[in-house]
Amino acid sequence: MSERGMQELALLLLTALANAPRHGYAIAQEVKVITDGRVTPRTGALYGALDRLLVEGLIQVERDEVVGGRARRIFALAPAGRERLEAEAKRLAATAREVRRRLADGAAAPA
């Protein structure tokens, strides 16, 4: 049985958390860096996706803190999230290899 690919935002959020725990705003900024500015998550979409990833056990709350009188939740990649991210990276790499193979075959084919 093959697992369905992740939605892009979920993949980007897990990627943003792969090397360090972060709070929501920092995650959004990291997504912008990862995508070279192509993706800027809206607040509602960001926190909705984080909630889903929490429910799925792919991320966890590392801690809650108060900064400047405002509550801030720090998220971290859970072990299950790391496994899922690694599996997704393998799936995407296999797809990219097939794309390259087919493009190379197409370049050699007569018009």
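1. Helix H2 (residues 24-34) has Gly24, Ile27, Ala28 and Val31 as its buried residues, where buried is under 20% relative accessible area and exposed over 50%, with a 1.4 Å probe and protein chains only. Those four cover an arc of only 100 degrees around the axis, so they sit on the same side of H2; the arc is taken from the directions from the helix axis to the C-beta atoms. Tyr25 and Val33, on the other side of H2, are exposed.

2. A word on provenance: this is a predicted model, with local features needing pLDDT of at least 70 and side-chain atom pairs counted only at pLDDT 80 or more, while totals for chains, interfaces and linings use all residues. Numbering runs from 1 along each chain as its sequence is written, and side-chain values use heavy atoms, without hydrogens or water.

3. What covers the buried side of H2? The cover includes H1, strand S1 (22-23), H3 and strand S3 (70-77); contact here means heavy atoms within 4.5 Å. Helices (H or I, at least four residues) and strands (E, at least two) are DSSP runs, numbered from the N terminus.
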